[in-house]
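Hi,

Here is the structure I promised to pass on.

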Amino acid sequence: MKIAILSRNENLYSTRRLKEACIERGHEVDIIDTLHCYMDITSSRPAVRFHGEELPQYDAIIPRIGASVTFYGTAVARQFEMMGTFNINESVAISRSRDKLRSLQLLSRKGIGLPRTGFACKPDNIKDLIKNVGGAPLVIKLLEGTQGIGVVLADTAKAAESIIEAFMGLKANILVQEYIKEAGGADIRCLVVGGSVVAAMKRQGEEGEFRSNLHRGGSAEIVKLTKEERATAVNAAKAMGLNFCGVDLLRSHNGPMVMEVNSSPGLEGIETATGLDVAKKVIEFIEKNAKFNANKTRGRG
């Protein structure tokens, strides 16, 4: 097969591992910088051009699109879909997952466990907004935040009001969420490929830090999932329409709760913690499912 990895940096661990897995399984692979692609969308035959040449017809693409380039990255992915190329994570699904509010609404509609969440626009809604998610302590999140940036824990209602007013004064879109104290600053990252959890790790924040992101100094270890946790992760991926994603869960008194579904999950932390070859699982899924025009939306979404 001929596979393209859409990535801005070929030296990133995840990009490198996916390339290695392609080569090990006998496939031809190109790494293409998404932002250096440009599209021929005036022709009756859609095409993607790169460095002055038209790219060949690929059997599959693996989009590794960072949050900062979501708009252009999904446009490029959509162009490949219009050309009939199989996309492991379709452009529509990536867009869904990157919009935190939309993704929570979709998960809620499917009855998937979530922390109680509020969203508002006007400052006069603040007190009721706080009350509606169970009061302080509570978590305030920027909609556009990544890797724990823009996530604040407010210990008191007064502190929460001040933080929310400050964010709203900056015209920032925020979510207010119930704080799951019993999680103890830990979450579980489940790596889902093709409707199955292929690896899972527990991430623990540093002492005094409620955010468990590895980028913020958290640690990771292998974890055994319950049947309910495994089903929640799979159902969350399905609700987003993602074949390859990371689902972040919290263990609560009310069962597993989904914090986020990541359409471009890093492989380094989870492969290191579990010793599993996740990249190989991704390529195996592509081998079984990559067919011409096999995308559900076919670039229409």
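Cys-245 is buried, at 0% relative accessibility. Keep in mind that this is a predicted model. I ran a search of the whole structure for disulfides, and the count came back as zero. Cys-245 is accordingly in no disulfide, and its nearest cysteine sulfur belongs to Cys-190, 9.5 Å away. A disulfide would need the two sulfurs within 2.5 Å.

Cys-22 is in no disulfide either. For Cys-22 the nearest cysteine sulfur is that of Cys-37, at 16 Å. Cys-22 is buried as well, with a relative accessible area of 0%.

Next, the helix pair. How do helix 3 and helix 4 pack? Helix 3 (residues 91–98) and helix 4 (residues 100–109) have axes 5 Å apart and an angle of about 100° between them. Since 65 to 115 degrees counts as roughly perpendicular, that is the label for helix 3 against helix 4. On the helix 3 side, the contact is made by Ser-95, Arg-96, Ser-97 and Arg-98; on the helix 4 side, Lys-100, Arg-102, Ser-103 and Leu-106 take part. By type, the residues of this contact are four charged, three polar and one nonpolar.

Last one: Glu-271, which sits in helix 8 (residues 268–274). Is Glu-271 buried or exposed? Buried, because its relative accessible area is 7% and the cut-off is under 20%. Setting aside neighbours within four places in sequence, Glu-271 touches Tyr-13, Arg-17, Leu-276, Asp-277, Val-278 and Ala-279.

Cheers

Definitions and conventions: Residues are numbered from 1 along each chain as its sequence is written. This is a predicted model: local features need pLDDT of at least 70, side-chain atom pairs count only at pLDDT 80 or more; totals for chains, interfaces and linings use all residues. Side-chain values use heavy atoms; hydrogens and water are left out. Helices (H or I, at least four residues) and strands (E, at least two) are DSSP runs, numbered from the N terminus. Buried means under 20% relative accessible area, exposed over 50%, partly exposed in between (1.4 Å probe, protein chains only). Contact means heavy atoms within 4.5 Å. Axes are lines fitted to C-alpha atoms, for helices over the stretch in contact, and angles run from 0 to 180 degrees between N-to-C directions. Angles under 35 degrees count as roughly parallel, over 145 as roughly antiparallel, 65 to 115 as roughly perpendicular and the rest as oblique. Ala, Val, Leu, Ile, Met, Phe, Trp, Tyr, Cys and Pro count as nonpolar, Asp, Glu, Lys and Arg as charged, and the others, Gly among them, as polar.
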